[in-house]
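We will walk through it together, one region at a time.

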Amino acid sequence: MSLTPELEAARKEIEGYAREYGLDCFETIFELLDSDELNEVAAFGGFPTRYPHWRFGMEYNQLDKGYSYGLSKIYELVINNDPCYAYLMRSNMLVDQKLVMAHVFGHCDFFKNNLWFAKTDRKMMDRMANHGTVVRRLMDRVGLEPVERFLDCCLSLDNLIDPHSMFIRRRTEPTEADPAEAEEAPVKFRAKGYMDAFINPRAATDRERARIRKEVAQDAKLPPVPVRDVLSFLLEYAPLKRWQQEVLEIVREEAYYFAPQAMTKIMNEGWASYWHSTMMTQKILRPSEVVDYADHHSGTLATRPGRLNPYKLGIELFRDIEDRWNRGKFGSQWEDMEDHEQKRRLNKKLGLGREKIFEVRRTHNDVTFVDTFIHEEFAQAQKMFVYGVDRRTGRTEIVDRDWRKVKEQLLFSLTNWGQPYIYVTDGNYEKRGELYLFHKWGGVDLQFDFAQATLKNLCWIWDRPVHLETMLENKAVLLTCKNADGDITQRELSPSEEPRGIGAG
Amino acid sequence: MSRDARLSVRKIDRDRNRFHEIVRGKIKQDLKKYVSHHELLGRKGGNIVSIPMPQIELPHFRFGPNPKGGVGQGDGQPGDPLQEGDGEGEAGEGAGQHSLEVEITLDELAKILGEELELPRIQPRGNNQLPMKGGRYTGLKPTGPESLRHFRRTYRRALLREIATGTYDPDDPVIIPIRDDKRYRSRRDVMVPDFNAVIIYMMDVSGSMGKEQKDIVRTESFWIDTWLRSQYKNIETRYIVHDAAAKEVDRETFYHLRESGGTKISSAYELCARIIESQFPADQWNIYPFHFSDGDNWSGRDTERCVKLLNDVLLQKANVFCYGQVRSAYGSGQFKKDLDRAFEGDPRVITSDIADRDGILGSIRSFLGTGR
């Protein structure tokens, strides 16, 4: 349902402020929903229609239970689309609706302007609906169960993508060069016939010839370089039926659509919180609403010892950046200042803060955001710490407050949006058409039972044995799945074995 | 969302139904596991059981628990523990094991049990007829409240009367019903059969029955309860424990009492017969005595007495008599042999041997598989 006149007036007012502050949004359409409708949309990941899949039903049941027991409540939902759609819960009080609207405009500006969203499909609402139609049609044609089984498999692999690949401009399609021809024609400098032996000495042309031969041999390797976008590799090389390709294509497309949101969680929520707080306190709030606003705002930003609240970290970082650039606390001159007190108090009254945070929201993602802008003073002021499990007592306890360690740990958990790096390194392993995956281990093992189940799914799609090289308890192991219904075998790789992966060892 | 969308079936319902089907399928598939483990008993709340189901989540390549921990915010010095129970305080160890709980009603569970074990529906005895609550508005009568007026019948009668009396004008077809025309819906009581059932559990609590044996009985009786409750609306349960003497106890005591005397099974059968005679007339009640022991009895004479009691009283009254023999380190298992010999070919007596937890399902099947 569209907004009530009261809410519509609020929307107009808030949109005006957003524009005044320089937020640059898609047209934003608000819908007013009851809790069960909102839960439905939330279960669908923010969209009114998705392809049929049981996990949406499972998600709904959990949201519904959480809501009816009063444990959790969704305030708002906003989706990255042009126009941008946002949903409000009908039962919320007016001040909440205003807060949410201001928050939504922050998200909307972020979607539109943050670099990492640049390649996302802005007509995703329609596209998701189309995906729904396609999958339903396939289910009618092929049957519910085969499609569902295949969807389950694809979804179990949907984190094996390479979000950066959206930005890579491919070299021109490699032409089907005849290896023999290429081999025969090493590059030569132009020379008159009698000078040729001197300008292009035999040794050099031989070297060149050898290099080319090697290159050709490498091209024959599939893939020529390790590929992180496992889904696209499967699309291209797995023995898929036409309908299976369609399904996999859909899952991959949606995975790429959602990836930037996972990569900018802290920034996106921080940015939206910064703006709802700024707009509410400077423009929107009526005196009678202050207490409720403060209550709900502080609830959103509350921190708990063992958990990092992205809203809180994000808004504090943006505020800190604004303050630093307002006062000139940046650059090597500031960084190198010896006197802590002087360093803290520095104020050059530059007033560059606003401009800076707009720039930051355009170019950064969570990893670079945290890496660039968390500094010693900030980590201390925010009381950040690293926690871990004490091996002796089994207790979770604070381990360290050193800001470098905090940053390192935080960056680790944010890298590749918290997912392991998995590469396809060989699609024709041992020349038997087997698939070889390599997990670039960074200190944490894969969850073993899940890894096994996922490998089986992969094997089912590849229809040939599948291998995964990873680390288990500090040993390099090779997990092999011969067929999707069989067991996984596990073999320790000896150090003498040639590492198949990249940068292994 | 448009108004029509809300009136029609919601899109999410299809996914929910499918999810529900999958859950049912998983339970069915793993029924043996769920039946052999008594955790379900502790998860009962009202009419709903909550079942842990980790394997329903879609697997991914993802990190296991991070030994390094994570980053948090707040007060405290290095070495201070994070407050327990405060959210994801134990993220370090808990993150890896994600357990999903699904809820299912006992009726649904009974249905799954029935389908999987191919249990026949019970043909109850007795012919009590009770009026169904509310009844059905299937009749008509000439008087009643206006809110129940049957428009079509009233109109038809009025039309008939006007045509018959010649006051009907096809060019101006105005029909005005008079009092005589009016017909009202009326309620008719629908009689539904109402069957009562009583389950009488008897258990040997002598020294030879250990904790494991009692756990098996407890688990098995949970499932028997679940099934029989799905078959009868009105069901009572009674509990009798016995060693050398028998007494009626409540449910709690039944499962936890431990005695150390000898075993005289006839004492339990006697008490059971007395309870039936005094409280549950066989023409009104479906009676299900279940007896569990490890098969040791005091003497052959007592066993003879048991057989006589069964023949003379219990089997006359009960739908079926079930004896489950739980294997224990001390029991000889003689009693089952004796019963089998005495009642060979008698469908009213069912005996089963429960070797261990995995035997529970088979035992339930033999007890309930006859549909008596």
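Two strands are taken to pair if DSSP finds at least two bridges between them. Helices (H or I, at least four residues) and strands (E, at least two) are themselves DSSP runs, numbered from the N terminus. What you see is a predicted model, in which local features need pLDDT of at least 70 and side-chain atom pairs count only at pLDDT 80 or more, while totals for chains, interfaces and linings use all residues. Residues are numbered from 1 along each chain as its sequence is written, and chains are lettered from A and ligands numbered from 1 in the order in which they are written.

Strand β4(A) is joined by 4 bridges to strand β3 of chain B (residues 70-73), and the two run antiparallel. Within that pairing, B:Val71 is the bridge partner of A:Val386. The contact as a whole takes 59 residues from chain A and 44 residues from chain B, where two residues are in contact if their C-beta atoms, placed from the backbone, lie within 7 Å. Several elements of chain A give two or more residues to this side, including β1 (28-33), α2 (35-43), β4 (384-389) and α21 (448-462). Which helix gives the most? That is α3(A), with 7 residues. Sorted by class, the chain A side has 29 nonpolar, 17 polar and 13 charged residues; here Ala, Val, Leu, Ile, Met, Phe, Trp, Tyr, Cys and Pro count as nonpolar, Asp, Glu, Lys and Arg as charged, and the others, Gly among them, as polar.

Now follow β1(A) into its sheet. This open sheet has 3 strands in the order β1-β3-β2 of chain A, with mixed pairing. Its edge strands are β1 and β2 (76-79) of chain A, each pairing on one side only. On average, neighbouring strands here are turned by 20° against each other, direction ignored. Strands β1(A) and β3(A) (residues 84-89) run parallel and are joined by 6 bridges, with A:Ile29 standing opposite A:Tyr85. Helix α2(A) lies across β1, β2 and β3 of chain A, at about 140° to β3(A). Axes are lines fitted to C-alpha atoms, for helices over the stretch in contact, and angles run from 0 to 180 degrees between N-to-C directions.

Next, look at a pair of helices. In chain A, α12 (residues 265-284) and α14 (residues 310-327) pack at an angle of about 70°, their axes 7 Å apart. They are therefore roughly perpendicular to each other, a term for angles of 65 to 115 degrees. Among the residues that meet are A:Ile266 and A:Trp271 of α12(A), and A:Leu313 and A:Phe318 of α14(A). This contact has 10 nonpolar, 4 polar and 3 charged residues.

A:Ile266 leads us to A:Leu414, 148 residues apart from it in sequence but 9.8 Å apart in space, C-alpha to C-alpha. A:Leu414 sits in helix α20 of chain A. Is A:Leu414 buried or exposed? A:Leu414 counts as buried because it has 21 C-beta neighbours inside 10 Å; the cut-off for buried is 20 or more other C-beta atoms within 10 Å, for exposed 12 or fewer, with partly exposed in between, and C-beta atoms are placed from the backbone. Leaving aside residues up to four places away in sequence, A:Leu414 touches A:Asp366, A:Val367 and A:Val370.

Finally, step back to chain A, with its 21 helices and 10 strands. Of its 505 residues, 38% are buried.

Conventions
Angles under 35 degrees count as roughly parallel, over 145 as roughly antiparallel, 65 to 115 as roughly perpendicular and the rest as oblique.
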